[in-house]
Amino acid sequence: MTESRRALRPLISEPATRLQPGSQGPDRRECLTRGLGLAGMLALGGLSALPGAARAQPAWPSRSVSTIVPFPPGGGTDTFARPLFAAMSRSGRQFLIDNKGGAGGTLGAGLAAKAAPDGYTWFMGAVHHSIAPSMYPRLDYNIETDFIPVGLISSVPQVIVVNPQKVSARTLPELLAFLRANPGKLNYGSAGNGTSHHLAGELFKQQTRTFITHIPYRGAGPALQDLIAGQVDLMFDGLASSATHIRSGRLRAIAVAAGRRAPGFPDIPTAAEGGVPTYDVATWYGLWAPKGTPAAIVAAMQAELKRAMQSDELRATWTSLGTETPDLWGDAFGRFVGQEVQRWSVVVKASGAKLD
């Protein structure tokens with residue numbers, strides 16, 4: 001018998017007081033006091049026996065929150081992640097970036113899929129991850145079933161950019177004329193095999209009947225650095241990651257792959273204006289949680305994202321990067337991703353693109 005049971009025994013086993021005729025019995029206040037004392041002791045004993053899962057949990061987040069960005073610093077995903085999480089961190093909570101580049105963004109995605117679903121590890125992926133299922137036969141994750149879709153962060157058009165010291169063309173018709181007269185003379189850099197940069201280039205070649213040599217890199221950042229340095233000639237890049245270099249003059253924008261000109265860049269014509277009306281490619285970025293993350297935490301993260309994305313500061317930043325503030329969350333975002341997986345599987349098959 002435990003000490004607590006011994007302490008309770010006199011109260012439990014004490015015989016009831018027999019009332020004599022005419023007796024008033026124990027004082028009512030005394031009975032209430034005894035009853036409350038017994039109830040309190042039993043309640044305390046019960047609380048001490050509750051399992052840990054039933055006890056109150058600390059509010060999320062109680063420590064820093066990390067998001068895996070599956071590309072090196074300087075690429076398009078990183079370009080959106082940094083201002084976004086900086087704006088979210090102004091609430092007093094810490095939202096950090098963990099760059100895990102490699103294998104066209106699939107290395108970091110695999111790590112995120114295996115992360116603990118506790119709300120402290122998230123995944124910021126991109127259009128590349130809707131292409132990867134058609135390019136990588138043995139992925140160790142499934143973007144549609146191993147993650148919970150949280151929301152679309154941005155969607156920006158691809159832009160054809162050239163090194164102005166190496167390519168004299170200023171317009172898309174001029175570039176096409178050079179490519180057709182000099183097949184294979186120019187090359188283009190990408191964030192890696194199977195990324196949107198790669199497939200946007202292959203789609204362009206298919207639609208314009210031109211040939212440009214593909215040079216894959218480990219992320220858009222390194223590819224951009226070599227483009228600026230003149231190691232490669234051109235790139236089919238997300239407008240956001242090229243934006244500052246276009247404004248500085250280090251890169252020349254030829255056309256955006258969209259049906260209309262991009263916000264913040266009204267001087268860059270569309271591919272349709274340059275004679276290629278079917279060339280329409282967007283680079284989008286989104287946030288996922290590992291499968292199993294509690295719904296309440298996912299909802300809390302969505303609230304944090306919406307608060308930051310609706311701020312005047314971030315809206316201005318998004319415009320400067322050539323995008324508008326999207327409004328696609330949860331299951332709707334998940335359906336969008338599924339449609340993109342199907343769309344890019346057709347492009348991959350038609351282009352014959354393969355991993356080197």
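Colleague: Which residues does Phe-333 touch, not counting residues up to four places away in sequence?

Modeller: In this predicted model, Phe-333 touches Pro-149, Val-150, Gly-151, Leu-152, Trp-284, Gly-286, Leu-287, Trp-288 and Leu-328, once residues up to four places away in sequence are set aside. Phe-333 itself has its place in helix α12, which covers residues 330-351.

Colleague: Is Phe-333 buried or exposed?

Modeller: To read this, compare the relative accessible area with a cut-off, since buried means under 20%. Phe-333 has 0% relative accessibility and therefore counts as buried.

Colleague: How many helices and strands does the chain have, and what percentage of its residues count as buried?

Modeller: The chain has twelve helices and nine strands, and 47% of its 356 residues count as buried. If you consider contacts between residues at least 6 apart in sequence, 78% of them join residues at least 24 apart.

Colleague: What does Thr-283 touch, not counting residues up to four places away in sequence?

Modeller: Begin with its place, which is in strand β9, residues 282-290. Thr-283 is buried, because its relative accessible area is 1%. With residues up to four places away in sequence left out, Thr-283 touches Val-127, Ser-154, Ser-155, Val-156, Gln-158, Ser-196 and Gly-238.

Colleague: I would like to read a pair of helices next; at what angle do the axes of helix α5 and helix α7 cross?

Modeller: The axes of helix α5 (residues 128-135) and helix α7 (residues 196-208) come within 9 Å and cross at roughly 75°. Angles of 65 to 115 degrees count as roughly perpendicular, which means that α5 is roughly perpendicular to α7. On the α5 side, the contact is made by His-128, Ile-131 and Met-135, while α7 brings Ser-196, His-197, His-198 and Leu-199. By class, the residues of this contact of α5 with α7 are three nonpolar, four polar and no charged.

Colleague: Which residues meet where helix α3 and helix α10 are in contact?

Modeller: The axes of α3 (residues 76-89) and α10 (residues 295-309) come within 9 Å and cross at roughly 105°, and α3 and α10 are therefore roughly perpendicular to each other. From α3, Leu-84, Ala-87 and Met-88 meet Met-301, Glu-304, Leu-305, Arg-307, Ala-308 and Met-309 of α10. This contact of α3 with α10 has seven nonpolar, no polar and two charged residues.

Colleague: What is His-128 in contact with, leaving aside its neighbours within four places in sequence?

Modeller: His-128, which is found in helix α5, is in contact with Phe-71, Gly-104, Gly-194, Thr-195, Ser-196 and His-197 when those neighbours are left aside. His-128 is buried, with a relative accessible area of 3%.

Colleague: Which residues lie nearest the centre of the largest pocket?

Modeller: The largest pocket holds about 320 Å³ of space. It is lined by 18 residues, of which Ser-155, Val-156, Pro-157, Arg-260 and Glu-324 lie nearest its centre. Strand β4 (residues 147-162) gives the largest share of this lining, three residues. The lining of the largest pocket divides into nine nonpolar, five polar and four charged residues.

Colleague: Why is helix α9 described as largely enclosed by the rest of the structure?

Modeller: Seven of the ten residues of helix α9 (residues 239-248) are buried, so the helix is largely enclosed by the rest of the structure. The buried residues of α9 are Leu-239, Ala-240, Ser-241, Ser-242, Ala-243, His-245 and Ile-246. What covers them includes α3, β4, α8 (220-229), β7 (234-238), β8 (252-256) and α11 (312-320). Just after α9, Gly-249 takes a positive phi of about 90°.

Key. Residues are numbered from 1 along each chain as its sequence is written. This is a predicted model: local features need pLDDT of at least 70, side-chain atom pairs count only at pLDDT 80 or more; totals for chains, interfaces and linings use all residues. Side-chain values use heavy atoms; hydrogens and water are left out. Axes are lines fitted to C-alpha atoms, for helices over the stretch in contact, and angles run from 0 to 180 degrees between N-to-C directions. Helices (H or I, at least four residues) and strands (E, at least two) are DSSP runs, numbered from the N terminus. Angles under 35 degrees count as roughly parallel, over 145 as roughly antiparallel, 65 to 115 as roughly perpendicular and the rest as oblique. Contact means heavy atoms within 4.5 Å. Ala, Val, Leu, Ile, Met, Phe, Trp, Tyr, Cys and Pro count as nonpolar, Asp, Glu, Lys and Arg as charged, and the others, Gly among them, as polar. On a 1 Å grid over the protein atoms alone, a cavity is a set of points where a 1.4 Å probe fits but cannot get out, and a pocket is an open set with protein on both sides within 12 Å along at least five of seven lines; lining residues have an atom within 4 Å of a point. Grid points are joined across faces, edges and corners, and a volume is the space filled by probe spheres set on the points. Buried means under 20% relative accessible area, exposed over 50%, partly exposed in between (1.4 Å probe, protein chains only).
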